[in-house]
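Hi everyone, thanks for making time today.

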Amino acid sequence: MSDQDAAFMARALQLARNGLYTTDPNPRVGCVLVKDNQIIAEGWHAEAGQAHAEVDALAKLTNPDLSHGATAYVTLEPCSHHGRTGPCCEALIAAGITRVVVAMQDPNPLVAGNGLKKMRDAGIEVSCGLLQADAEQLNQGFIKRMLTGLPFVRSKLAMSLDGRTALANGQSQWITSPQARQDVQKWRAESSAIVTGIDTVLADDPSLNARVDFAVKQPLRVVLDSNLRMSPNAKMLQLPAETWLMTCNGDQAKQQSLRDAGCKVVQVVSDNGRVDLLQAFKYLAQQQINSVWVEAGAALNGALLDTDLVDEWLVYVAPCVLGDQARGLFHFAELQAMAEKKAFKFNAVRQVGPNLRLTLSR
């Protein structure tokens, strides 16, 4: 691969990011068509049901004949199956493309190498793996769902320097700065679903929507409510975008009152009287939820830590202290030895306004 190949693929990745907030449940994909070392057309996938990146790029050619003998740079293996749209690999073959450079193979079992094979069988020169890590980063949720049957889970926490999230009386607004809170809105917008616990809903009555100044497919709201304590008058039920409630309580009257308020109620198995988190996230993946953004309190985050279901933790740290009577980040069983401590790895540290944003994993 040449430096020029890398530059064209970098452009394709940049195009793919145009769909960052709108393509769910599909992956974000970009495509660049090149002939005689010049870009002749570009495309990206904007929304499920609309043209895939390759077809979008082909449609933007000023002259369809230009594609004959051209090279296509695509961030994800062209699809080979009939879904809401036709197979992209066949569109590239029909267009007379002679070389295809792909960043990564599609993890979808319906594709998984079949698109690459079809193009090679048609005589197209195909290579795969250029800027693969960048392509994988762009579609972490889609990849994880396809490979494991679980969504990519990211939990957001905000704390003081002494690791506190709220005063003893529950007051928590605001520990972090306006800049940090606006940063959170972008992460929300990028997610397929926002998950919270019923304690957070009862304490704050949050909207849990993405408040941004660009086009976005609003994430699904999911409330984990083991004992059906959710009020039919909750603010989020009055807002656009769906709200789902996941419970292990079979009280049909309570469930129906929430359904009447516009909430979808999903009953899942219990784990010691609580919603089984693994089964809840598996269910979300089955509903084509690629990525989950968790905004919750110490109880749910403690349970997520214990079950190791979170892929990435984003912790916003404010330069203030709240004292040892204030509430902590995680609630879990008391540890008896330092060897039992929950260890994390620092992946990134960034300043957001006066706050730090720590990106951690286990």
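Let's start with Cys88, which counts as buried at 1% relative accessibility; buried here is under 20% relative accessible area, exposed is over 50%, and partly exposed is in between, with a 1.4 Å probe and protein chains only. Before I go on, a word on where this comes from: it's a predicted model, where local features need pLDDT of at least 70, side-chain atom pairs count only at pLDDT 80 or more, and totals for chains, interfaces and linings use all residues. Residues are numbered from 1 along each chain as its sequence is written, and side-chain values use heavy atoms, with hydrogens and water left out.

So where does Cys88 sit? You'll find Cys88 in helix α3; helices are DSSP runs of H or I with at least four residues, strands are E runs of at least two, and both are numbered from the N terminus. Cys79 is in the loop between β3 (71-74) and α3 (88-94), and Cys79 is buried too, at 7% relative accessible area.

Now, what else touches Cys88? Skipping neighbours within four places in sequence, Cys88 is in contact (heavy atoms within 4.5 Å) with His52, Glu54, Val55, Pro78 and Cys79. Two of those names come back in the UniProt record: an unreviewed entry there places a "binding site" feature at His52, Cys79 and Cys88. Be a bit careful, as such annotations may be inferred rather than shown by experiment. These positions spread over 37 residues of sequence, yet they cluster in space, with a largest C-alpha distance of 9.0 Å.

One last stop: Thr243, in strand β10 (residues 243-247). Thr243 is buried, at 3% relative accessibility. Its side chain makes a polar contact with the side chain of Arg221, at 3.0 Å. By that I mean N or O atoms within 3.5 Å, one able to donate a hydrogen and the other to accept it within protein, with residues adjacent in sequence counting only if both atoms are side-chain atoms.
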